[in-house]
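This report goes through selected features of one protein model. The sequence and structure come first, and the notes follow.

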Amino acid sequence: MAAGATTMDGTTDLSGKPAVRGKTGGWRACPFILANECCERLAYYGMSSNLVNYMIDRLHQGNAAAATNVNNWSGTCYVMPLLGAFIADAYLGRFRTIAAFMSLYIAGLALLTLTATVPGLRPPDCAGCKPAAGQTAAFFTALYLIAVGTGGIKPCVSSFGADQFDDADPREMRSKSSFFNWFYMSINVGALVASSVLVWVQMNVGWGWGFGVPAAAMAVAVVSFLMGSRLYRYQKPGGSPLTRMLQVLVAACRKSHVPLPADASLLHEVASPDGKAAIEGSRRLEHTDQLRCLDKAAVIVTTPGGAEEEDENPWRLCTVTQVEELKSMVRLLPVWASGIVMSAVYSQMSTMFVLQGNTLDPRMGASFKIPAASLSIFDTIAVIVWALAYDRLIVPAARRITGHPRGFTQLQRMGIGLVISIFSMVAAGVLEVVRLHVAATHGMLDSKEYLPMSIFWQVPQYFIVGAAEVFTFVGQIEFFYDQSPDAMRSMGSALSLTSNALGNYLSTLLVVIVTAISTRNGGLGWIPDDNLNRGHLDYFYWVLAVLSAINFIVYLWIAKWYKYKATAPPAASSVVAIDDDTN
C-alpha cells in the first residue's frame with residue numbers, strides 16, 4: 001500500500017483532512033496515549049488505593065462505613081463514563097472530551113490535596129475527634145469532582161488509542177489487538193508506583209504529599225496527551241447515539257403491524273460504494289437475523305398504487321445500519337451483565353483485602369513495615385507478567401492449537417478470566433479461615449496487635465485476581481470496542497466500565513445485607529467495625545465465590561447465543577467480519 005494512502009475508517013488528521021497512514025496513527029502515536037494513561041492511573045490509584053484507611057484514620061469512620069463509601073465512590077467513577085462517552089460520540093469527539101474533562105480531574109485532585117494540608121480543611125488528628133461538616137463536605141466534593149473527571153477520560157482513552165489503527169488494514173488490525181494488552185499494562189505500571197511508593201508516602205510521610213504527588217502526575221498526563229496532537233487520527237462524532245436508537249424504537253413501534261419482507265435486501269439502506277453509512281464516521285452494518293422485530297423500522301411502506309408512502313423522516317424510516325446499531329448494543333448487554341460479579345471480586349482489593357491485611361504482620365526486617373494497601377502491588381505485578389505472557393507466549397501457543405488468529409476468541413478469553421476469579425475468592429476465604437484459627441490458638445481474638453502471621457500470605461489472592469484481569473478485563477476492553485458500532489465506540493467502552501460500577505455497588509449491597517442479617521440478634525456480624533478477629537470475613541468470600549461460579553454458568557449460555565457484528569465491504573464482494581465468527 002502506498003505510503004501516502006489514507007485510512008479507510010473515516011479518521012482525519014488534526015486539520016480535519018483524511019488521515020495519511022504513513023504520517024499519523026499506528027504505534028508512532030501510541031506512546032503519548034500510553035504515557036497519558038500510565039500517569040492518569042498513577043494519579044487515580046495513588047489517591048484511591050489507600051482511601052479506605054484515610055477514611056478510617058482521619059475521618060474516623062467504621063470499617064463497614066468506610067468500605068461502603070469507597071465502593072460508592074468507585075462505582076460513581078465507573079458510571080460517569082456514560083456521560084463522557086455520550087458527549088464524545090455525539091458532539092466533541094474523543095480527543096476534545098478527554099482534554100476538557102482533565103481540567104475537572106486536576107481541580108478535584110488539587111482540592112483533595114488542600115483538604116489534607118490546609119488547617120481549616122484538614123480533619124483533626126486526635127483519636128475519636130470527628131471532622132467538621134465543612135471538612136467532610138470538602139473531602140467528598142473533591143472525590144466526586146475526580147469521579148466526574150474520570151467520566152470523560154476512562155471511556156475515551158482506550159477507544160482513542162484503538163482509533164489509531166485502521167480496521168481495513170490487516171497489519172494494523174493485528175496491532176490493535178496488541179495495543180489493548182499494552183494499554184492495560186500501562187494502567188498497571190502506574191498502579192504499581194501508586195500502590196508501592198505513594199501508599200508508603202501516605203502512611204509514613206503524610207497525606208498532603210500522598211495526595212499532592214497524584215495531582216502532579218495528572219499534570220504530566222495532560223502534557224503527554226497534548227504533545228501527540230499532530231500524530232493522532234481523529235474519529236468524527238456521529239451525532240447523538242441515544243437519538244438514533246430512540247428513532248429505531250419509535251419507527252418499529254409505528255410499523256408493528258407491517259409484515260417483514262422475506263428478502264432483507266428490501267429493507268431501507270443508503271447505498272454507498274465505499275461501504276460508508278449515512279451516519280458520520282460510521283461504516284454500513286450488514287443485516288442480522290436476531291431481534292427481527294426491530295427490522296420493522298427499516299421497512300419501506302408502499303401505498304396500494306405502488307408509491308412509497310414513507311418520506312425519509314428518521315422517526316418513521318431508519319436505515320439497516322441504524323437498526324443494527326441498536327441490535328449491536330442490545331446484544332452487548334448480557335455480556336456486560338456477566339462482568340458485574342467479576343468486578344465485585346476485583347473491588348475487594350481496595351476494601352476487604354486491606355481490612356484483612358491490617359491484622360497481619362507487615363514487618364520486613366527490623367524497621368520497615370509494608371502498608372496493607374501496598375499489597376495490591378502484587379496484583380499489578382501479576383497483570384504486567386500475565387499481559388506479557390499472554391501476548392508473547394499464550395496467544396502463539398493457543399493459535400497453533402485452535403487455528404484462531406487471536407488464539408482465543410474474545411468471549412473465550414473473558415470466560416477463562418471468570419473461572420480464574422472464582423479461585424481468587426477461594427484463596428482469600430482459605431486465608432481468612434487460617435487467620436481466624438491463628439488468632440484463636442494464640443489467644444488474640446480480642447487483641448488489636450498484629451497476628452503472628454505474615455501479610456505476604458495475601459500475595460496468592462492478589463496474584464490470582466491479576467491473572468483474571470488480564471483475561472477478562474482486557475478482553476472486555478477489546479470486545480466492547482470491536483463490537484460497538486463505529487459511531488458508538490466510546491459508549492461501548494463506557495458500557496463495559498459500568499459493569500465495574502455495578503460490581504462496586506453489588507459489593508456494597510452484599511456488605512449491607514450480610515451486616516443486617518449477621519447482626520440482627522445483637523451479634524458483631526461478619527465484618528465488625530472494631531475487631532475483625534471476632535467476625536467471619538471468610539463467609540463473605542464464600543458468598544462471592546458461589547456467585548462467581550453461578551455467573552460463569554450463565555455466561556456460557558450468553559457466549560453461545562452471541563452473534564458477532566459484520567460491516568459492509570468497500571466493494572460488492574463478501575461481508576467483512578469485524579471480529580470472530582465463532583464463540
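This is a predicted model: local features need pLDDT of at least 70, side-chain atom pairs count only at pLDDT 80 or more; totals for chains, interfaces and linings use all residues.

## Nonpolar core

The largest nonpolar core holds 148 residues, and those touching the most other members are Trp73, Met352, Leu411, Phe479 and Phe540. Helix α15 (residues 459-483) gives the largest share of this core, with 12 residues.

Phe479 can be followed in detail. Leaving aside residues up to four places away in sequence, Phe479 touches Leu332, Val335, Gln410, Leu411, Met414, Tyr562 and Tyr564. One of these contacts, Leu411, is also listed among the core members that touch the most others.

## Surface patch

A nonpolar patch on the surface is formed by Trp200, Val205, Trp209, Val213, Met364 and Phe368. Together these residues have about 580 Å² of accessible area.

## A residue pair across the model

Val250 belongs to helix α9 (residues 241-254). Val250 counts as partly exposed because its relative accessibility is 26%. From C-alpha to C-alpha, Val250 and Leu198 are 52 Å apart in space, and they are 52 residues apart in sequence.

## Paired strands

Strand β1 (residues 360-361) and strand β4 run parallel and are joined by 2 bridges. Within this part of the model, Asp361 stands opposite Ser454 in β4.

The two faces of strand β4 (residues 451-454) can be told apart by cover. Leu451 and Met453 make up the covered face, while Pro452 and Ser454 make up the uncovered one. Ser454, the residue opposite Asp361, therefore belongs to the uncovered face.

## Positive phi angles

His60 is not a glycine, yet its phi is positive, at about 55 degrees. The residue is found in the loop between α2 (51-57) and α3 (63-79). With a relative accessible area of 16%, His60 is buried, since the limit for that class is under 20%.

Leu291, also a residue other than glycine, has a positive phi near 55 degrees. Its place is in the loop between α9 and α10 (320-337). Leu291 has 29% relative accessibility and so counts as partly exposed.

## Salt bridges

Side chains of opposite charge can pair when their charged atoms come close. The count in this model comes to 17 salt bridges. One of them joins Arg233 and Glu172, whose closest N and O atoms are 2.9 Å apart. Because Arg233 lies in the loop between α8 and α9 and Glu172 lies in helix α7 (residues 170-204), the pair ties together parts that are 61 residues apart in sequence. Arg233 is buried at 0% relative accessibility, and Glu172 is buried with a relative accessible area of 10%.

A further salt bridge links Asp295 with Arg292, with the closest N and O atoms 2.8 Å apart. Asp295 is buried, at a relative accessible area of 2%, whereas Arg292 is partly exposed at 32%.

Technical notes: Residues are numbered from 1 along each chain as its sequence is written. Side-chain values use heavy atoms; hydrogens and water are left out. Patches are made of residues with over 30% relative accessible area and no salt bridge: like charges are joined within 9 Å, nonpolar side chains (Val, Leu, Ile, Met, Phe, Trp, Tyr) within 5 Å. Accessible areas come from the Shrake-Rupley method with a 1.4 Å probe; for residues, only the protein chains shown count as cover. A salt bridge is a side-chain nitrogen of Lys or Arg within 4 Å of a carboxyl oxygen of Asp or Glu. A nonpolar core is a set of buried Ala, Val, Leu, Ile, Met, Phe, Trp, Tyr and Cys residues joined through side-chain atoms within 4.5 Å. Buried means under 20% relative accessible area, exposed over 50%, partly exposed in between (1.4 Å probe, protein chains only). Helices (H or I, at least four residues) and strands (E, at least two) are DSSP runs, numbered from the N terminus. Contact means heavy atoms within 4.5 Å. Two strands pair if DSSP finds at least two bridges between them.
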